[in-house]
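Here is a walk through one structure, residue by residue and then around its ligand. Keep the model open as you read.

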Amino acid sequence: MNNVKIAGIGAYLPSLVVTNDRISELVETNDEWIVQRTGVSERRISEGENTSDIATKAAKIALERAGVDAKDLELIIVATISPDMFIPSAACLVQSNLDADKAACFDISVACSGFVYALEIAKGLMNSMNYKNALVVGAEVLSKVTDWTDRGTCILFGDGGGAAVLKQSETKGIIKSYLRADGKKGNALTIGGPDIDTPFSKEKILKDKYIKMNGREVFKFAVGAIEEAVNEVIKDTNISLEEIKYIVPHQANSRIIELAAAKLNLNIDKFYINLDKVANTSSATVPIALNEMYEKGLLKKGDKIILVAFGGGLTYGSTLLEW
Ligand code: ACO
């Protein structure tokens, strides 16, 4: 098995900042409640850019930093639950935007765990197909699937994208992943698909078009999922939690991260948290956070990092990597 590492990281956020006060003009809520219960102060919201536009902008930065010409890309995976359309996939739209004509392209639907799943899928394909590089993107325009009359959900989400360019490498890179799901709990967080209403359907089955969530159930699941995924990804690696420089968690709610840190007996400072300004961008939170850490100069060669995510499905997973 060849080593695969992140050679370049990039992110893009729409320019419109929507504060909690602005949301309180839409639904019965207030800044204090949202900050206390979630940690979110503001989020970026698309004014028309779609998921593939955001993904392309993040990808261009990651390609530049990795020193990879889009024409040489061999694989593009976009993790998203808010693609522009069913067909073409967001990955094919990104390929076209980048003129990355040689790449195999597909999307994956793993909700907020999408970027973590996609890293391991890309690593596997780079090995089995002998690809020298891959582009992995997490990008979302969640505002188009948000019910802006539901105060239980519309306060939580934001739009944005993050991208990583992977290369085969001499040094370690992605060391191990842990990927799991609990489909039986899927109803806790849903976005409906098309209705079943055809000349042949026995009855009309009408689907909800927006995010529906049982917040308390997702909360409970998330704390346990982070604890399990962090412990499992270092198991049998000879790497201890003390040696981990940063844990980069899915940015859903600061209380979830604080509780998980306490369960793992870890100082909260080990967790990189940026949800106050970015909110929950589903598959994009982890690469957006990684990009922010890169731009602040926090990531040093040889640092051991755990990425950990949970989300719709319900899905969860983690990646242990050496920067
Ligand atoms: N503003 C003011 N009051 C509110 C709001 C709001 N925006 N939303 C709910 N309330 C009220 C409720 O009506 C309720 O009032 P009641 O007691 O009179 O009935 C009270 O606040 C408490 O509501 P809860 O839903 O119990 O509040 P909770 O503390 O559980 O916080 C939250 C809700 C923030 C959604 C929390 O459950 C949570 O973060 N869950 C996890 C969500 C998550 O991580 N989702 C995404 C993961 S997957 C993905 O990213 C796609």
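Start with V278, which counts as buried at 4% relative accessibility. Buried means under 20% relative accessible area, exposed means over 50%, and partly exposed lies in between, with a 1.4 Å probe and protein chains only. V278 lies in helix 8, residues 275–278. Helices here are DSSP runs of H or I with at least four residues, strands are runs of E with at least two, and both are numbered from the N terminus.

A word on the basis. This is a predicted model, where local features need pLDDT of at least 70 and side-chain atom pairs count only at pLDDT 80 or more, while totals for chains, interfaces and linings use all residues. Residues are numbered from 1 along each chain as its sequence is written, and side-chain values use heavy atoms, with hydrogens and water left out.

What does V278 touch, not counting residues up to four places away in sequence? The list is L13, E42, R43, G158, I288 and E292. Contact means heavy atoms within 4.5 Å. L98 is 180 residues from V278 in sequence, and their C-alpha atoms are 26 Å apart in space.

Now go to helix 6, where V230 has its place. V230 is buried, with a relative accessible area of 0%. Leaving aside neighbours within four places in sequence, V230 is in contact with L241, I247, L264, I306, V308 and S318. L307 is 77 residues away from V230 along the chain, and 8.4 Å separates their C-alpha atoms.

Helix 6 also matters for the ligand shell: it gives the largest share, 4 residues. The ligand itself sits in the largest pocket. A pocket is defined on a 1 Å grid over the protein atoms alone, as an open set of points with protein on both sides within 12 Å along at least five of seven lines. To sit in one, a molecule needs more than half of its atoms within 2 Å of the grid points. Helix 2 (31–38), helix 6 (215–234), helix 7 (254–263) and strand 12 (304–311) are the elements that give two or more residues to the shell.

Which residues come nearest to the ligand? Of the 23 around it, they are T29, C112, R216, N253 and N280. Near means that a heavy atom of the residue lies within 4 Å. The side chain of R216 has an N or O atom 2.7 Å from a ligand oxygen. For R37, a polar side-chain atom lies 2.7 Å from an oxygen atom of the ligand. For W33, a polar side-chain atom is 3.5 Å from a ligand nitrogen. Taken alone, the ligand exposes 1,000 Å², and the protein buries 75% of that. These areas come from the Shrake-Rupley method with a 1.4 Å probe.

Two loop residues remain. D303 is in the loop between helix 9 (285–295) and strand 12. D303 counts as buried, at 11% relative accessibility. A polar contact of 3.4 Å joins its side chain to that of K245. Such a contact is a pair of N or O atoms within 3.5 Å; within protein, one must be able to donate a hydrogen and the other to accept it, and residues adjacent in sequence count only if both atoms are side-chain atoms. Beyond neighbours within four places in sequence, D303 is in contact with K245, L298, L321, E322 and W323.

S89 is in the loop between strand 4 (75–79) and helix 4 (90–98). Its side chain reaches the backbone nitrogen of C92 at 3.1 Å.

Terms used. On a 1 Å grid over the protein atoms alone, a cavity is a set of points where a 1.4 Å probe fits but cannot get out, and a pocket is an open set with protein on both sides within 12 Å along at least five of seven lines; lining residues have an atom within 4 Å of a point.
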